[in-house]
Amino acid sequence: ASRQTTAKTNKQSQRLICGGLKKSINGLVNKVNVSNIKAIVVDLLRENVIRGRALLVRSLMKAQGASPNFSHVYAALIAVINTKMPEVRATVQSWR
């Protein structure tokens with residue numbers, strides 16, 4: 001019974017962490033613009049972007065769909081992150 005309780009608690013913790021990561025990534029992507037892109041990149045790199053790379057890609061795709069005028073900003077953001085973390089590039093390429 002103790003292992004089941006521990007496993008259930010771990011799943012709940014993972015969901016909370018993942019939910020927090022998703023909110024953080026979405027918030028950063030939604031506020032990125034030309035003037036603050038450097039700060040946003042730094043903030044994203046502080047997050048667990050490797051773990052949340054699919055969340056990042058999904059968030060960028062939704063943001064671009066909602067605001068096509070910012071496509072150049074989103075492209076620049078993902079380009080910089082790709083240079084720092086190639087794992088994200090593989091995720092972007094798999095979404096094609």
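Here is a quick tour of this chain, from its overall fold down to a few of its residues. This is a predicted model, so local features need pLDDT of at least 70 and side-chain atom pairs count only at pLDDT 80 or more, while totals for chains, interfaces and linings use all residues. Residues are numbered from 1 along each chain as its sequence is written, and side-chain values use heavy atoms, with hydrogens and water left out.

**The overall picture**

- The chain has five helices and zero strands; both are DSSP runs numbered from the N terminus, with helices being H or I of at least four residues and strands being E of at least two.
- Buried residues make up 27% of the chain's 96 residues, where buried means under 20% relative accessible area, exposed means over 50%, and partly exposed is in between (1.4 Å probe, protein chains only).
- Take the contacts between residues at least 6 apart in sequence: 70% of them join residues at least 24 apart, with contact meaning heavy atoms within 4.5 Å.

**The nonpolar core**

- In soluble globular proteins, nonpolar side chains tend to be buried together.
- A nonpolar core is a set of buried Ala, Val, Leu, Ile, Met, Phe, Trp, Tyr and Cys residues joined through side-chain atoms within 4.5 Å.
- The largest one here has 20 residues, and those touching the most other members are Ile 25, Val 29, Val 32, Leu 44, Leu 56, Leu 60 and Leu 77.
- Helix 1 (2–31), helix 2 (37–46), helix 3 (53–66) and helix 4 each give two or more residues to this core, and helix 4 gives the most, with five.

**Helix 4 up close**

- Helix 4 covers residues 71–84, and its 14 residues reach 20 Å from first C-alpha to last, close to the 20 Å expected at 1.5 Å a residue (that is, 1.5 Å times one less than the number of residues).
- Its buried residues are Val 73, Tyr 74, Leu 77, Ile 78, Ile 81 and Asn 82.

**Val 29 and Ser 59**

- Beyond its neighbours within four places in sequence, Val 29 is in contact with Leu 56, Ser 59, Leu 60, Ala 63 and Tyr 74.
- Ser 59 sits in helix 3 and counts as buried because its relative accessibility is 4%.
- Leaving out residues up to four places away in sequence, Ser 59 touches Ile 25, Asn 26 and Val 29.

**The aromatic pair**

- A search of the whole structure turns up one aromatic pair: Phe 70 and Tyr 74, tilted, at 6.4 Å centre to centre with 45 degrees between the planes.
- Rings of Phe, Tyr and Trp (its six-membered ring) pair if their centres lie within 6.5 Å; planes under 30 degrees apart are stacked, over 60 edge-to-face, and the rest tilted.
- Tyr 74 counts as buried because its relative accessibility is 8%, whereas Phe 70, at 34%, counts as partly exposed.
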